[in-house]
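Hello,

Here is the structure I promised to send over. Please have a look at it first, and my notes follow below.

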Amino acid sequence: MKKIETIIRKSKFDEVKDALHQIEVNFFSYWDVTGVGNEKQGHVYRGVSYSTSDIQRRFLSIVVSDPFVDRTVAAILKAAHTGIVGDGKIFVSDVIESYRIRTGEKGADALK
Amino acid sequence: MDTNAVLDLMWVVISGILVFFMQAGFTLVETGFTRSKNTGNIIMKNIMDFCIGSLSFWALGYALMYGDAVGTFGALIGKPALFFNNPTEMHSLFFQTVFAATSATIVSGAIAERTKFSTYLIFSLLMTLIIYPISGHWVWQSGGWLSKLGFIDFAGSTVVHSVGGWASLVAAIMVGPRIGKYVNGKSNAIPGHNLLIGSLGIFILWLGWFGFNAGSQLAISGDNANAVADIIITTNLAASAAAITAMFVTWYSYGKPDISMTLNGALAGLVAITAGCAAVSPAGSVIIGIIAGVVVVFSIDFIDKKLKIDDPVGAISVHGVTGALGTLLVGVFAKDGGLLYGGGFHQLGVQAIGVFSVAIWAIVASFIVLFILKKTMGLRVSREEEEDGLDKHEHDMSVYN
């Protein structure tokens, strides 16, 4: 079991979600995050220009069983890609155990 | 009471109700242009300055403004009388009360996000009790010295808006900038938290302004009806021209049409036309609007970046600078006596005297009041309070939960 965490452009969220559904990764959690990165955004407010490195992105947390890891990463890499600085990151880490609360199932069964 | 008198009275009351609603506009503009952590404080300031103004203007302010010009100082101040209660003049008290409260509430925006609430309440009281009525007496009481000179300020570019604007200037300087606004001599942007709320405020102010200007005809029966309609048109044209102009100026200077500056532009046009709305032609009002739209953007820029006076909503520029400008322009564009209509420089000179003397009065009087308040109660909240937001410490309440 692995946890795949990815930070993607909000504008790419629907494409990533569809790509995940196509490989039968049907549940995951996501939330909006603000981060700091290489990208600088210039703004003008009432004539005062300022730049901010605060970047708005969407964070997805997906836990999958081992056979799904590679195709999940591949799907995100493809669907979230624009080629412009700021496309985001993917992190894969081990998950020790998982349980389904309703039935008490554990391991890969809990992820079906 | 004959029908015409009833109509006139009704028009004044309805206009006063529209002007009352401008308090909501001011509240929304100020909250929208500032940070969410101070919203509750701004709500309280705006409702309280109206309530305090209502009581103080009834108790004394109205008499100082419209009381008879008798004795040695008659041209300077009305005959004092307490607790106005003249059954045939109550509509006038109401109409003038909402004007006084408008003048007071302008200051709130310029000193937003850092001023002590209790101090603000006292300043607001003295504003509607003394500062506003005295210069108002000079212009709007027939025995006032500027009135006798022939000074034209139909609905209050100078009497209401400039007085509020100059008091804002003094207050913003004395209170000082918000923490983080000027760092190492550089002006930082502190974006407002809700421009939707701010823009709703502008629309409400614009709506209220039809009462503000057209109501100042103080009558609608007979030939007054056409005059009222004419004022509605000059008011609307000036606001529209100013907003368009401000938009293009920011588009050209900053690369994008700036939302909050465009909103300020509309207000600048409204403030500028207030003095001359009954004296200029529709074309004249458009030109006044265009001039106001240009000036307000550069004035906000200049006050922020060069003078380094922190005015979160642009009150000094919108009300003080364009109020003075609009009053001066009456001397240029007035159909009767204006420079462009062959009237020579006389009216322009009178306008300049009025603008200048009212500005001096508002600046000196508010300086004295604020100086005393600074030495006694203090003007500013603590650093901790300002950083956490005034809602938390001044009111122990959060507006957004």
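The largest nonpolar core has 122 residues, and those with the most contacts inside it are Ala238(B), Ala242(B) and Ala272(B). Please keep in mind that this is a predicted model. As general background, nonpolar side chains tend to be buried together in soluble globular proteins.

Now for the chains themselves, beginning with chain B. Chain B has 14 helices and 2 strands. A compact globule of 401 residues would have a radius of gyration near 21 Å, and chain B, with 20 Å, agrees with that. Its C-alpha trace spans about 60 × 50 × 40 Å along the principal axes. Of the 401 residues in chain B, 57% count as buried. If we take the contacts in chain B between residues at least 6 apart in sequence, 78% of them join residues at least 24 apart.

Chain A is next. It contains 2 helices and 4 strands, and from the N terminus on the elements run β-α-β-β-α-β. Along its principal axes, the C-alpha trace of chain A spans about 60 × 25 × 20 Å. Buried residues make up 17% of the 112 residues in chain A. For contacts in chain A between residues at least 6 apart in sequence, 69% join residues at least 24 apart.

The axes of H1(A), residues 13-22, and H2(A), residues 69-79, come within 9 Å and cross at roughly 150 degrees. An angle over 145 degrees counts as roughly antiparallel, which is why H1(A) is roughly antiparallel to H2(A). The crossing of H1(A) past H2(A) is right-handed. On the H1(A) side, the contact is made by Glu15(A), Val16(A), Ala19(A) and Leu20(A). H2(A) contributes Thr72(A), Ala75(A), Ile76(A), Lys78(A) and Ala79(A).

Best wishes

Key: Residues numbered from 1 in each chain as written. Chains lettered and ligands numbered in written order. Predicted model: local features only at pLDDT ≥ 70, side-chain atom pairs only at ≥ 80, totals over all residues. Buried ≥ 20, exposed ≤ 12 C-beta atoms within 10 Å, placed from the backbone. Contact = placed C-beta atoms within 7 Å. Rg over C-alpha atoms; globule rule 2.2 N^0.38 Å. Core = buried A, V, L, I, M, F, W, Y, C linked by C-beta atoms within 7 Å. Axes fitted to C-alpha atoms, helices over the stretch in contact; angles between N-to-C directions. Parallel < 35°, antiparallel > 145°, perpendicular 65-115°, else oblique. Left-handed = near helix turned anticlockwise from the far one by under 90°.
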